[in-house]
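Work through these exercises with the structure open. Each task is followed by a stepwise solution.

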Amino acid sequence: MSLSNPWRVLAFVLFTVDAVTLGLRAQAPAPSFEILTHRMDVDVDGAPTAYGPPSKPTLDYLRNAHLRGIPGAEIVGYLTDDDHPNIPVVQGPQDPAPGYYISQTAYTDPALTNARDLRRYVDATRINYVVLGREATRKGARLGDFVAVHSQRTGHSVYGIVGDDGNPSGNEGSLHLLQALGYPFHDGKQDAVERREIVIRFFPHSNPQHRFFHTQAALEDAARKLGLSCDFPESPSASNSHPKNR
């Protein structure tokens with residue numbers, strides 16, 4: 001290209017500066033902070049079979065659907081009748097688990113406004129999510145933000161989102177998350193990681209459009225495209241330090 005024309009020279013310089021700037025921005029790591037949890041309890045909220053009548057096998061006890069697991073406290077784990085807050089809304093014949101209750105999560109699909117549509121909630125058996133606690137909130141995390149989660153015991157690291165709240169400690173994650181990290185858990189009744197070995201890396205304001213994910217693969221693809229790091233150098237096994245599709 002001839003640079004004899006001064007306007008062409010100026011355009012070339014501006015283009016080069018923009019290209020360099022964009023390259024630097026692309027390489028800059030996303031803002032984040034990490035929290036080492038004291039333990040990690042299993043959250044099954046959002047799963048079609050999370051809660052139901054005593055006659056049905058469920059992923060969790062009904063008492064755990066109450067705020068902080070306190071009997072008699074507000075029911076937060078499943079949907080109740082507007083006029084009768086103690087009467088659960090039951091799934092119909094066209095729903096994924098007829099006869100079970102409609103389990104909710106704090107983070108919802110903004111495109112689905114019907115509270116009785118189970119697709120509106122984050123399914124704990126299909127999506128990696130963590131519960132938003134007091135410390136993470138204070139540091140800027142919000143519902144829907146991306147996270148990367150690492151187990152110091154298993155060496156596994158996976159992508160997830162902040163999908164629920166209600167536990168101020170934040171020491172809670174979805175059943176799918178714990179399984180993806182390599183723990184042989186099956187429900188939310190007895191299973192828990194009882195040691196300080198789960199690290200959560202939060203990426204504040206990383207989901208400003210409030211994107212909702214119905215599959216783990218879509219979530220991971222979006223996290224990778226944003227350049228969010230799922231590498232934890234202290235991992236005892238580098239071969240296990242990459243996110244797994246589950």
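**Exercise 1. A loop serine**

Which backbone nitrogen does the side chain of serine 169 reach?

*Solution.* 
Step 1. Bear in mind that this is a predicted model.
Step 2. Locate the residue. Serine 169 sits in the loop between E5 and E6.
Step 3. Find the backbone partner. The serine 169 side chain reaches the backbone nitrogen of asparagine 171 at 3.2 Å.
Step 4. Look for a side-chain partner. Serine 169 and asparagine 167 are joined side chain to side chain by a polar contact of 2.7 Å.
Step 5. Serine 169 has a relative accessible area of 44%, so it is partly exposed.
Step 6. Turn to the partner. Asparagine 171 belongs to the loop between E5 and strand E6 (172–174). Its relative accessibility is 9%, so asparagine 171 counts as buried.
Step 7. List what surrounds asparagine 171. Beyond neighbours within four places in sequence, asparagine 171 contacts Thr37, His38, Arg39, Met40 and Asp41.

**Exercise 2. The buried side of a helix**

Which residues of helix H4 are buried, and what do they pack against?

*Solution.* 
Step 1. List them. In H4 (residues 216–225), Gln216, Leu219, Glu220, Ala222 and Ala223 are buried.
Step 2. Check their directions. They cover an arc of only 160° around the axis, so they lie on the same side of H4.
Step 3. Find the packing partners. The buried residues of H4 pack against strand E4 (146–151), strand E5 (157–164) and helix H3 (175–180).
Step 4. See what comes next. Glycine 227 follows H4, and its phi is positive, near 75°.

**Exercise 3. Nonpolar cores**

Which residues of the largest nonpolar core touch the most other members?

*Solution.* 
Step 1. Name them. The core has 32 residues, and Val130, Val149, Leu178 and Phe202 touch the most other members.
Step 2. Trace the elements. Two or more residues come from each of strand E1 (33–36), strand E2 (40–43), E4, E5, H3 and strand E8 (198–203). H3 gives the most, with four residues.
Step 3. Follow one member. Beyond four places in sequence, phenylalanine 202 contacts residues including Pro31, Phe33, Ile35, Val130, Phe146 and Val162.
Step 4. Look for another core. One of 19 residues lies apart from it, and includes Val122, Tyr129, Ala223 and Leu228.

**Exercise 4. Positive phi**

What are the phi values of histidine 205 and histidine 210?

*Solution.* 
Step 1. Read the angles. Phi is near 60° in histidine 205 and near 55° in histidine 210. Each is a positive value in a residue other than glycine.
Step 2. Compare exposure classes. Histidine 205, at 57% relative accessibility, counts as exposed. Histidine 210, at 43%, is partly exposed.

**Exercise 5. Confidence**

Over which residues does pLDDT stay under 50 with zero contacts beyond four places in sequence?

*Solution.* 
Step 1. Start with the chain. The mean pLDDT is 87, and 83% of residues reach 70 or more.
Step 2. Find the stretch. It is residues 19–26.
Step 3. Where pLDDT is low, predicted coordinates should not be read in detail.

Methods
Residues numbered from 1 in each chain as written. Predicted model: local features only at pLDDT ≥ 70, side-chain atom pairs only at ≥ 80, totals over all residues. Heavy atoms only, no water. Buried < 20%, exposed > 50% of the residue type's maximum accessible area, 1.4 Å probe, protein only. Arc of directions from axis to C-beta. Contact = heavy atoms within 4.5 Å. Core = buried A, V, L, I, M, F, W, Y, C linked by side-chain atoms within 4.5 Å. pLDDT = per-residue confidence, 0-100. Polar contact = N/O pair within 3.5 Å; in protein donor to acceptor, adjacent residues only side chain to side chain.
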